[in-house]
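User: I'd like to learn how to read the features of a structure model. Could you walk me through this one?

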Amino acid sequence: MASAVDFSIMAIFLPTFFFVSVTPGMCMTLAMSLGMSIGLKRTFYMMAGELVGVAIVALSSVIGVAAIMINHPDIFTIFKYAGGLYLGYLGVQLWLNRGKMALSKTECSSTISATSLALQGFITAIANPKGWAFFIALLPPFINQTKPLIPQISVLLAIILTLEFVCMIIYASGGNTLRIFLQKGDNVRLMNRIAGTLMLGVGVWLAFG
C-alpha cells in the first residue's frame, strides 16, 4: 500500500489541513462550548457523531472527484481551475478575517443524552454546505492520478479524521484558557493568516500544477 501512496503529497496535505481545521469554526466552537459546559468526557459523544459526518462528507467528495477524474478528464481540468479559484478565495477571506471568535450562546445541559450529543455533532458536520464545498475543492490536488485511488483515499481520510479529532480535543479540553486566547484578535488573525496562506498556495498549485 505504501508504494501506491505519494507521501510527498500527503506531507503537504497534513499541515495544510491541520491549520485549516484548527482555525475557529462551527465544529471547533461547538467542541469548546460543550467541553466547558459538560466536560471533555461527555463531549466525546459529540465528537463521534461529528467524525462520522466528516467522514461521509470527505468520502463522498473525494469519490465524486475521483469519478470525474476517471470518466471526464476534460471536465476535471475545468474543475481544477474552479477549485483553485475557490481555494484562493477562501485563503483571501481568512486573511481578511477580523480575528474575532463568536461563541455560541446556547446553554448546554449535563442532562443531554449521548445520542443527542452524537446527533448534534453529526448534523453540524453534514449539514454545512461550506464543508462540502471545502472538501470538493481541497482534495483534488492531493490525489495522484497515476497511482491507485483507494489507498490514497484511505490515507487522506485517516489524516482528516485524526487531525479533526485532535483539534476538537484541543478545543474541548482548552476551556477558559483557550477561550481567552481565541478572543484576542491578534492570535486568531495569525492562525487565519497561516491557514489562508496555505490555502492560497494549494489553490495556485491546483490551478497551475
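User: Are Phe13 and Phe17 buried or exposed?

Analyst: A quick word on the model: it is predicted, so local features need pLDDT of at least 70 and side-chain atom pairs count only at pLDDT 80 or more, while totals for chains, interfaces and linings use all residues. Residues are numbered from 1 along each chain as its sequence is written, and side-chain values use heavy atoms, with hydrogens and water left out. Now to burial: buried means under 20% relative accessible area, exposed means over 50%, and partly exposed is in between (1.4 Å probe, protein chains only). Phe13 and Phe17 are both buried.

User: Where do Phe13 and Phe17 lie?

Analyst: Helices are DSSP runs of H or I with at least four residues, strands are runs of E with at least two, and both are numbered from the N terminus. Phe13 and Phe17 are both in helix α1, 4 residues apart, about one turn of the helix. The buried residues of α1 also include Ile9, Met10 and Val20. For helix length, the expected span is 1.5 Å times one less than the number of residues. With 16 residues, α1 reaches 22 Å from its first C-alpha to its last, close to the 22 Å expected.

User: How do I read an aromatic pair?

Analyst: A pair of aromatic rings is described by the distance of the centres and the angle of the planes. Rings of Phe, Tyr and Trp (its six-membered ring) pair if their centres lie within 6.5 Å; planes under 30 degrees apart are stacked, over 60 edge-to-face, and the rest tilted. This structure holds 4 such pairs. One of them, Phe13 with Phe17, is stacked, at 5.7 Å centre to centre and 20 degrees between the planes.

User: Why is the pair of Phe18 and Phe19 edge-to-face?

Analyst: The planes of Phe18 and Phe19 are at 75 degrees, with the ring centres 5.5 Å apart, so the pair is edge-to-face. Phe18 is partly exposed, with a relative accessible area of 25%, and Phe19 is partly exposed at 28%. Phe13 and Phe17, for their part, form one aromatic cluster with Phe135.

User: What about a nonpolar core?

Analyst: That is a set of buried Ala, Val, Leu, Ile, Met, Phe, Trp, Tyr and Cys residues joined through side-chain atoms within 4.5 Å. The largest one here has 25 residues, and those touching the most other members are Phe13, Phe17, Phe134, Phe135, Leu139, Leu156 and Ile160. Two or more residues come from each of α1 (7-22), α3 (40-71), α6 (129-138) and α7 (149-182). Helix α7 gives the most, with 7 residues. A second, separate core of 16 residues includes Leu30 and Leu117.

User: Which residues does Glu164 touch?

Analyst: Contact means heavy atoms within 4.5 Å. Leaving out residues up to four places away in sequence, Glu164 touches Phe17, Ser21, Cys27, Met28, Glu50, Leu51 and Val54. Glu164 sits in helix α7 and is buried, with a relative accessible area of 8%.

User: And how should I read a polar contact?

Analyst: Look for a pair of N or O atoms within 3.5 Å; within protein, one must be able to donate a hydrogen and the other to accept it, and residues adjacent in sequence count only if both atoms are side-chain atoms. Here, a polar atom of the Ser173 side chain lies 2.5 Å from the backbone oxygen of Ile169. Ser173 is also in helix α7, and is partly exposed at 46% relative accessibility.
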